[in-house]
Amino acid sequence: MTRVRTRAPLWLLLPAAVVLGGLFLYPMYQLGLLSVLDFTQAQVSGGQPTRFVGADNYTRLFTDPRFWDVLLATVLFAAACVLATLAVGAGLAVLLTRISRIPRLLLSLAAMAAWAVPAVSGSTTWMFLFDTDLGYVNQLLGIEGFNWMYDRYTAFALVGAVVVWASFPFVMVTLYAGIEAIPKSVLEAAALDGANAWRAFWQIMVPILRPVLAIVVIQSIIWDFKVFTQIYVMTRGGGLAGQNMTLNVYAYQQAFASSEYGRGAAIGVVMMLILLAVTLLYLRTLRRSGETL
Amino acid sequence: MRAGRRMLDAVAVLIALITVFPIYWMVLSAVKPAGEIQSLDQKPWTLAPSLDAFRRVLAVNDFGRYLLNSLLVALVVVLISGLIAFLAAVALTRFKFRFRTTLLVTFLIAQMVPIEALTIPLFFLVRDVGTVVPGIGLNTLGSLMLVHTAFTLPFAIWMLRGFVQAIPDELDEAAQLDGAGRFTVLWRILFPLVAPGLAAVSVFSFIHAWNDFLFARTFIISAADNQTLPMALLVFFKPDENDWGAIMAASTLMTLPVMIFFLIVRRRLVAGLGGAVKD
């Protein structure tokens, strides 16, 4: 297997190309196509011919205040989740470097366990913990009868808590590995100069860890922007009157609950474009941090 | 300084306890007798643990079947995706060809694609394919295996590439000088050496397929027999009263395999992530 010109790589890549072409590229093309069609239940059942409607789905979407409301909710929800995840993850990563062996082991095992819990199981467990009457948390707080899901903001907060609980371990583990890779002498010198933990973190660790941080931040943005399972399970498909919809759930409901497939696809395209922009940012950061392909 | 450290140790242990508390609560609620689950005065312990909820879930609601379905989907995805990714990773590291870099960037971008947005076109694709090949149409486990193989592939290729790269070229060259054919080099030399990497990749693929809720919800519409765990679990949510004991038992059953997997590969996971970050 020397590096000569042969057809071998073609054969080796063929299976991957077939699978990804058929189940990634083609659906992406189809998504774009659907978004410019009038495609509802009538077309699916063949009762009416499929009609090209140009940018109609998009114009209707962009003139619908509901869409902007959902978009804003998605951005704010994702931003809050990302900030909380980073604060908790980074804080605990620093904490891990300053504690004894046994507590460190306990904390990392606990984080790993939370990480391993499937999204559905995590959602149901937190739902039970915060249940109106039977929830342990409500009983502890003495607020039996309080339903977290009635109010838009408490519902989002609870879902956000589950998302953060499930995703801070990734940030913690990655940043901890990064901090451990910083030469001890650098941190010791800072301590000798009288820098406290806060300053050591912002003025020494953050600059050194910038590439790792960038990756963690952008990964988190991508994940939290498209949270689906937790919202769908915990708010039963988007909350009371759809108050807890995010773009993802909104697109899904438009397509599969209202049979507005063209409209759902248009929302999907918008989501895809937003995340593509974030991804390009990610690639630029990778390149700047010296990644060679 | 000493007192400060002891304080931090205590804080860390406290946070660890809070972090695992929901998991503890899940397992605890699964083994609580029915009376205690309905209690308006929940206790963080139980003196009369029972396996009733598990029995109800496994026997009455045929959860064992869904467990097997989930397992089957996840294992097939692990095998096929691992195999295809291995071949692609070899092509990307052992050969120089045009568009190689373009391909690599494509695989990286593919990891970022919000697959959730593809639900709509994939639904129609699976529906149409099903009329030709019933085995991978709507309501089949095959459809889930298919899409998850595709979704796990970009990451698997990206990760395995690093492992293949780490094997020195001289090894394949020496084998070829000894008269080994391409096929032999691929399976007898490279494959065994990449095995640890494949193990790490397998875990990611397994978890991805195992945790999937969205596609199971979309594709498996009317064939109750072919449901996977996440959907089957929602059966216990009832408009009048949720069967929390059963929900927690089912959630525990769903968490168990992933937890075991995580514990086995804990070290490798951290190393793999570190590698992915530094790579």
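Trainee: What should I know about the model and its numbering first?
Mentor: It's predicted, so local features need pLDDT of at least 70 and side-chain atom pairs count only at pLDDT 80 or more, while totals for chains, interfaces and linings use all residues. Residues are numbered from 1 along each chain as its sequence is written, with chains lettered from A and ligands numbered from 1 in the order in which they are written.

Trainee: How are H13(A) and H14(A) oriented, roughly parallel or roughly antiparallel?
Mentor: Helices here are DSSP runs (H or I, at least four residues), numbered from the N terminus. The axes of H13 (residues 247-257) and H14 (residues 261-288) of chain A come within 7 Å and cross at roughly 160 degrees; axes are lines fitted to C-alpha atoms over the stretch in contact, with angles from 0 to 180 degrees between N-to-C directions. Over 145 degrees counts as roughly antiparallel. So H13(A) and H14(A) are roughly antiparallel.

Trainee: Which class of residue has 8 members in the contact of H13(A) with H14(A)?
Mentor: Contact means C-beta atoms, placed from the backbone, within 7 Å. Tyr250(A) and Ala251(A) are among the H13(A) residues making it, with Ile267(A) and Met271(A) among those of H14(A). Ala, Val, Leu, Ile, Met, Phe, Trp, Tyr, Cys and Pro count as nonpolar, Asp, Glu, Lys and Arg as charged, and the others, Gly among them, as polar. Alongside 4 polar and 1 charged residues, the 8 are nonpolar.

Trainee: Which helix gives the largest share of the side of chain A that touches chain B?
Mentor: In that pairing, 72 residues of chain A are in contact with 76 of chain B. The chain A side has 54 nonpolar, 13 polar and 5 charged residues. The largest share, 15 residues, comes from helix H1 (residues 8-34) of chain A.

Trainee: Is Ala73(A) buried or partly exposed?
Mentor: Ala73(A) sits in helix H4 (residues 65-97) of chain A. Buried takes 20 or more other C-beta atoms within 10 Å, exposed 12 or fewer, and partly exposed falls in between. With 18 C-beta neighbours inside 10 Å, Ala73(A) is therefore partly exposed.

Key: Helices (H or I, at least four residues) and strands (E, at least two) are DSSP runs, numbered from the N terminus. Angles under 35 degrees count as roughly parallel, over 145 as roughly antiparallel, 65 to 115 as roughly perpendicular and the rest as oblique. Two residues are in contact if their C-beta atoms, placed from the backbone, lie within 7 Å.
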